[in-house]
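Hi,

Here is the structure I promised to pass on. Open it next to this email and follow along.

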Amino acid sequence: MANLVYKRVSTDQQSTDRQNLVLAEAGIEEPVVFEEEGGTSSRLHPLARPKFGDLLVYARPGDTVHISEMFRLVRGTGHILDVLDVLHRDRLALRIHDGAFSAMDLTARHPRTGELLSTVKFMVQTLAAAGELQRDLQRELTYDGLRAAEAKGNKGGRRPAVKTELVDAVRTAYMEGRAIAALARDHQVSRGAIRTAVADLLPDYTAADPGAPAPETPVVLDMPGKVADFLRAAELDNAERAALDEGQAVRRGQGYTLRVTAVPAVHRQLLDRCQVLDGTTAVPAQRKARREYENRVNGLGAHDGS
């Protein structure tokens, strides 16, 4: 039986040093390591993350998944229960080596019904809620800190767009092969700001035709968080990626929705990209989320003349 180790950090400025220490102290024999690219967001559903997907493909019944702490793998209650369902389906054990979940057997099921034990489910939900409370408190403290800084004359908020005097340098670097994400880091702006600066250089750019029909008007649509998490790991074109990057996250209970502003055609393209969430490999919550998004996209037809 194999020991499968999963590691992840939320930003590319972080390291896995602490995870490595916890896992080394656990004395895992012959570990097979699956480590996400640096900066893989905790908002992205675990089942949509590339390396965790590779782990599930590699795994065989009886294998054990090892993580240093629960929140390396999941963000909230919905994520935890989704992952536990998949691990149970594939007959995989889960071993957490640090934190509040480390003393629990999270894969324990009722011997007759096969469902997750109610006591385990209660503890999972309680501890996940405590973790979310901690993150909410951290956000509140951050907000208070920003207000204090603003009172002293320091401004926070979103990163500024590319300054006029830097646009030429950005365009030159892009033409020389510099990636949009790298340029965004270099200039401390969003990727959307870089795309705006180099819009006419992008592969899908076409000059405006005076005789062409008027372009579609962008509309705002709420995308379920589970759909947004899946799409962030998918192969998207520049317009689709920009729409996601510039979307506004709005909390909804245990999850969130992403408020996306884009023309109807882009909304439809994004819907097509997540078609796989209607398949048998998707968890029920993902299938439900996609249906909700499909209903919202189809509702655009009544407003855009299509």
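**Arg49 and its surroundings**

The side chains of Arg49 and Tyr6 are joined by a polar contact of 3.3 Å. Before you read on, keep in mind that this is a predicted model.

Where is Arg49 in the chain? Look in the loop between β2 and α2. Arg49 is buried, yet it has no salt bridge. The nearest side chain of opposite charge belongs to Glu36, 5.3 Å away. A salt bridge needs a side-chain nitrogen within 4 Å of a carboxyl oxygen. Leaving out residues up to four places away in sequence, Arg49 touches Tyr6, Arg8, Glu36, Thr40, Ser41, Ser42, Leu44, Arg72 and Leu73.

Next, find the open sheet. It has four strands in the order β2-β1-β3-β4, and the pairing is parallel. Which strands stand at the edges? They are β2 (31-35) and β4 (93-96). Each has a single partner strand, so one side of each is left without a neighbour in the sheet. On average, neighbouring strands are turned by 25 degrees against each other, direction ignored.

Strands in a sheet pair through backbone hydrogen bonds. Take β1 (residues 3-7) and β3 (residues 64-67) as your example: they run parallel and are joined by three bridges. Asn3 has Thr64 of β3 as its bridge partner.

Helix α1 (residues 17-25) lies across β1 and β3, and runs at about 160 degrees to β1. Helix α2 (residues 50-58) also packs on the sheet, where it touches β1, β2 and β3. The direction of α2 makes about 145 degrees with that of β2.

**Salt bridges**

Side chains of opposite charge can pair when their charged atoms come close. How many salt bridges are there? The count comes to 13.

Start with Arg18. Its side chain meets that of Glu69 in a salt bridge of 3.5 Å, N to O. This pair links distant parts of the chain: Arg18 is in helix α1, Glu69 is in the loop between β3 and α3 (77-89), and they are 51 residues apart.

Arg18 also forms a salt bridge with Asp98, with the closest N and O atoms 2.6 Å apart. Asp98 lies in the loop between β4 and α4 (118-151) and Arg18 in helix α1, so this pair ties together parts 80 residues apart in sequence. Arg18, Glu69, Arg72 and Asp98 are linked in a network of salt bridges.

- Arg18 is partly exposed, at 45%.
- Glu69 is partly exposed, at 21%.
- Asp98 is partly exposed, at 27%.

For a pair within one helix, go to Lys51 and Asp54. Their closest N and O atoms are 3.9 Å apart in a salt bridge. The two are three residues apart in helix α2, which means about one helical turn separates them. Lys51 is partly exposed with a relative accessible area of 31%, and Asp54 is partly exposed with 38%.

**One last stop: Gln269**

Gln269 lies in helix α10 (residues 264-273). At 28% relative accessibility, Gln269 is partly exposed. Beyond its neighbours within four places in sequence, Gln269 is in contact with Asp237 and Glu240. Glu240 is 29 residues away along the chain, but the C-alpha atoms of Gln269 and Glu240 are separated by 7.6 Å.

Best wishes

Conventions: Residues are numbered from 1 along each chain as its sequence is written. This is a predicted model: local features need pLDDT of at least 70, side-chain atom pairs count only at pLDDT 80 or more; totals for chains, interfaces and linings use all residues. Side-chain values use heavy atoms; hydrogens and water are left out. Two strands pair if DSSP finds at least two bridges between them. Axes are lines fitted to C-alpha atoms, for helices over the stretch in contact, and angles run from 0 to 180 degrees between N-to-C directions. Contact means heavy atoms within 4.5 Å. Buried means under 20% relative accessible area, exposed over 50%, partly exposed in between (1.4 Å probe, protein chains only). Lys and Arg count as positive and Asp and Glu as negative; His and the chain ends are not counted. A polar contact is a pair of N or O atoms within 3.5 Å; within protein, one must be able to donate a hydrogen and the other to accept it, and residues adjacent in sequence count only if both atoms are side-chain atoms.
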